[in-house]
Amino acid sequence: MSGLTVEDISHDWGARRALDGVSFTVERGRFCALLGPNGAGKSTLFGMLTRLFTPHTGRIAIAGHDMARAPRAALARMGVVFQASTLDPDLTVRRNLLYFAALHGLFGREAETRAMAALERLGMAERAEEKAARLNGGHRRRMEIARALIHRPDVLLLDEPTVGLDAASRAAITQHVHDLASGGLTVLWATHLVDEVRPQDRLVILHHGRVLADGEAGDIGGTDLTGRFLALTGDRP
Ligand SMILES: Nc1ncnc2c1ncn2[C@@H]1O[C@H](COP(=O)(O)OP(=O)(O)OP(=O)(O)O)[C@@H](O)[C@H]1O
């Protein structure tokens, strides 16, 4: 069973074709980078994957659950970190997670245990009682990732999760999420930053709504993924 299946997905914003027959699958427990320049269609695809809107054609499946036929099961197996922050700045880190746990029907000791375990995984346990507003951008992102894991999803989707972070925070979060994939989580990581992709990652390059390359990053980019990416997307420096 694949972790994530995207089959022949298209979407138009008015006269503009944002996605044009996009297909790829991600094996379970794999880190997949969805790499594309601004306007490639990454956020539009995330909207489809999270059922913000429904594709008219094609098929999406999350951990084997078809999004059209079994949306509740599919969404229950998915954790999402959106591009814009959605934390409550006035609540503590722990309370933010407990609030989210309640949305998944988790309460009491079970919710507390899961919240602390998720924070532990992201190296955030010692921040549990701090208000979210006091955290720096990198720690806020880690907290959002911890929150997305609280219901133990099989698939984690992240839409440009390092935007606005400094180099050290970017590297730390990229490493944390690679570690999660090594632990069995299927990850789809949307980015326009080539340096977040590692040779052993699964890589899908999206440009003008089309998949231009799909395979292992090392095979696609060789020793110069940046050069290959720029050549494919036609944007030479
Ligand atoms: N709500 C919308 N209404 C109209 N057009 C849209 C809308 N959202 C996106 N688009 C257009 O669809 C295309 C794909 O945009 P999308 O935001 O999905 O790309 P992206 O890869 O996420 O880009 P970015 O990295 O800039 O976020 C672009 O041409 C964009 O202008």
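**Domains**

The model is predicted. Its chain is split into two parts: domain 1 (2-77 + 153-233) and domain 2 (83-144). Their C-alpha centres are 25 Å apart. Where the two touch, domain 1 supplies 11 residues and domain 2 supplies six residues. On the side of domain 1 that touches domain 2, the top contributor is α6, with four residues. That side of domain 1 is made up of five nonpolar, four polar and two charged residues.

A record also speaks to this chain. An unreviewed UniProt entry carries the annotation "domain: ABC transporter" for residues 4-233. In the model, that span is 35% helix and 27% strand. The C-alpha atoms at the ends of residues 4-233 lie 25 Å apart.

**The sheet**

Six strands form an open sheet with mixed pairing. Read across, the order is β6-β7-β8-β3-β9-β10. The edges are β6 (78-81) and β10 (210-216), and each of these pairs on one side only. From one strand to the next, the twist averages 15°.

Look at one pairing in detail. Strand β3 (residues 31-35) runs parallel to strand β8 (residues 186-191). Five bridges join the two strands. L34 has A190 in β8 as its bridge partner.

**Helices on the sheet**

Helix α1 (residues 42-49) lies across β3, β7, β8 and β9 (202-207). Its direction is at about 145° to β7. Helix α5 (residues 137-148) also packs on the sheet, where it touches β6 and β7. The directions of α5 and β6 make an angle of about 165°.

**Two positive phi angles**

Which residue in the loop between β4 (59-62) and β5 (65-66) deserves a look? The residue is A63. A63 is not a glycine, yet its phi is positive, at about 45°. E160 also has a positive phi, near 45°, and is not a glycine either. E160 sits in the loop between β7 (155-159) and α6 (167-182).

Are these residues buried or partly exposed? The table gives the counts.

| Residue | C-beta neighbours within 10 Å | Class |
|---|---|---|
| A63 | 19 C-beta neighbours | partly exposed |

The cut-off for buried is 20 or more other C-beta atoms within 10 Å. A63 has 19, so A63 counts as partly exposed.

Note on methods: Residues numbered from 1 in each chain as written. Predicted model: local features only at pLDDT ≥ 70, side-chain atom pairs only at ≥ 80, totals over all residues. Buried ≥ 20, exposed ≤ 12 C-beta atoms within 10 Å, placed from the backbone. Domains from an automatic or database assignment. Contact = placed C-beta atoms within 7 Å. Nonpolar A, V, L, I, M, F, W, Y, C, P; charged D, E, K, R; others polar. UniProt positions renumbered as here; feature names shortened; annotations may be inferred. Pairing = 2+ DSSP bridges. Axes fitted to C-alpha atoms, helices over the stretch in contact; angles between N-to-C directions.
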